[in-house]
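Subject: Handing over the structure

Hi,

Here is the structure I said I would pass on to you. Have a look at it first, and then read on for what turned up in it.

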Amino acid sequence: MAPDSFGLYNLIAKNLEYIGYDVVHIQDRGYPFSYDSFGQRVLNVIRKLVFRDKSYKGKLQDKLNRKRQLEGIATSERFEFSLVLRADFFDKDIIALIREKTDLMLSFHFDGIGRDLRILDYVSYFDRFYVFDENDVKKFPNFHFRYSPNFYFDFPFKFEDLRPQERYNIYYVSTFHESRVEYLSFIHRFLKNRFDSVKFIVVYNKHKYGSIPDNVKDNMELTTEVISFQEQLRHISSSDLIIDLVISEHNGYSFRVLEGLRFAKKVITTNVSVRNADFYHPNNYFVIDSATDISMVGFDEFLEQPYSPPSSDILKKYSFKNWLNTKLSTDEN
């Protein structure tokens, strides 16, 4: 079970299938929508135009989502294990139905617990509940969270070749978040002065357009359309550097940080905790402490240094297959 976040669930399903599992995927929303009848379509128009009610179609979509979820749960009498990412995106009764049919129920929360404390109400459904920010284990001792960093996908990628005009020295996609704006503007300006081709895409909610600073609007590509995770990886795999701008509410390692391992590329990150990671090497990760020119001292020297390949043990540790196997192991501490 995983939310429809940039199509991330598609890659997780592919990696599970590559390992050898039969996969049933249940998402929170995003199932293709169509009206059941012409009458529903007409009623939606009437509600919007006559009664100023724009919620009818949304209610139909919610009904369809639930129908598809229940259909997915019904595809098997029993599941060997269930992996739930961001359980708080799902209704508790749907989680409970999965719990009844599952031998081993695992949760992975790739967000800070403190960003929405409602997730605490879901913990009891799971045999093991993993968080990607190690600080959350200490902040919420009564919930017995287990720490797990993110992973990189290790199934074979088959990206179509990028045309010359699609290749960028720097390619970065991010949802708009106020805590990232200062770094976003500063790093974009800094890199534009050093690289020929820099593309920053900011995905935003149309209701928040007014809160986006003018310098972001003027210098970056803004869109309300989702850029799929696979499309992002397609560009990142051919870029010179990977950019990682952490939001203020957590210190967990993002997928971008670990994709540096997968693609053997240098990473610029605002996550200072990376310096404590076992995969950290100063040739591979440039850590920015503040959005000031002084924080970029040594950047040119960083670019000149050759990439330092991590050990095979480190590469294996952060692969999806190993990430999953350690959670399925019955003798895990």
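Let's start with a charge and a ring: Lys217 has its charged end over the ring of Tyr209, 4.0 Å from the ring's centre. A second case involves Lys266, whose charged end sits over the ring of Phe302, 4.5 Å from the centre. Before going further, please keep in mind that this is a predicted model.

Rings paired with rings

How many aromatic pairs does the structure hold? The count is 30. One of them is Phe143 with Phe145: the ring centres are 5.8 Å apart and the planes meet at 15 degrees, so this pair is stacked.

Phe153 and Phe255 make another stacked pair, with 6.4 Å from centre to centre and 5 degrees between the planes. Why does this pair tie together separate parts of the chain? Phe153 is in the loop between strand 4 (146-147) and strand 5 (170-175), and Phe255 is in helix 9 (residues 255-263), so the parts they join are 102 residues apart in sequence. Phe153 and Phe255 are both buried. They also belong to a cluster linked by ring pairs, which takes in Phe108, Phe110, Phe151, Phe153, Phe155, Phe229, Phe255, Phe320 and Trp323.

Helix 1 and what it packs against

Next, try the helix that runs over residues 8-19, which is helix 1. Its 12 residues reach 17 Å from the first C-alpha to the last, close to the 16 Å expected at 1.5 Å a residue. The buried residues in helix 1 are Leu8, Tyr9, Leu11, Ile12, Ala13, Asn15 and Leu16. What do the buried residues of helix 1 pack against? Their partners are strand 1 (79-85), helix 8 (229-236), helix 9 and helix 12 (320-328). After helix 1 comes Gly20, which has a positive phi, near 130 degrees.

A glutamine in helix 8

Helix 8 is also where you will find Gln232. Is Gln232 buried or exposed? Its relative accessible area is 4%, so Gln232 is buried. A polar atom of the Gln232 side chain lies 3.0 Å from the backbone oxygen of Ile227. Leaving out residues up to four places away in sequence, Gln232 touches Phe6, Tyr171, Val173, Ile227 and Arg256.

Salt bridges

The salt bridges come to 15.

- Arg68 and Glu71: their side chains meet at 3.3 Å, N to O. Both lie in helix 3 (residues 56-73), three residues apart, about one turn of the helix. Arg68 has a relative accessible area of 31%, so it is partly exposed, and Glu71 counts as partly exposed at 38%.
- Arg234 and Glu231: this salt bridge is 3.0 Å, N to O. The two residues are both in helix 8, three residues apart, about one turn of the helix. Arg234 counts as buried because its relative accessibility is 13%, whereas Glu231, with a relative accessible area of 26%, is partly exposed.
- Asp111 and Arg115: the closest N and O atoms of this salt bridge are 3.2 Å apart. Asp111 counts as buried at 7% relative accessibility, and Arg115 counts as partly exposed at 38%.

Salt bridges with shared partners also join Arg86, Asp88, Asp111 and Arg115 into one network.

An aspartate in strand 2

To finish, go to strand 2 (residues 102-109), where Asp103 is found. Which residues does Asp103 touch, not counting those up to four places away in sequence? They are Arg78, Phe79, Glu80 and Asp127. With Arg78 there is a polar contact between the side chains, at 3.0 Å. The C-alpha atoms of Asp103 and Phe81 are separated by 5.7 Å, although the two residues are 22 residues apart along the chain.

Cheers

Notes:
Residues are numbered from 1 along each chain as its sequence is written. This is a predicted model: local features need pLDDT of at least 70, side-chain atom pairs count only at pLDDT 80 or more; totals for chains, interfaces and linings use all residues. Side-chain values use heavy atoms; hydrogens and water are left out. Rings of Phe, Tyr and Trp (its six-membered ring) pair if their centres lie within 6.5 Å; planes under 30 degrees apart count as stacked, over 60 as edge-to-face and the rest as tilted. Helices (H or I, at least four residues) and strands (E, at least two) are DSSP runs, numbered from the N terminus. Buried means under 20% relative accessible area, exposed over 50%, partly exposed in between (1.4 Å probe, protein chains only). A charge sits over a ring if NZ of Lys or CZ of Arg is within 6 Å of the ring centre and within 35 degrees of the ring normal. The expected span of a helix is 1.5 Å times one less than its number of residues. Contact means heavy atoms within 4.5 Å. A polar contact is a pair of N or O atoms within 3.5 Å; within protein, one must be able to donate a hydrogen and the other to accept it, and residues adjacent in sequence count only if both atoms are side-chain atoms. A salt bridge is a side-chain nitrogen of Lys or Arg within 4 Å of a carboxyl oxygen of Asp or Glu.
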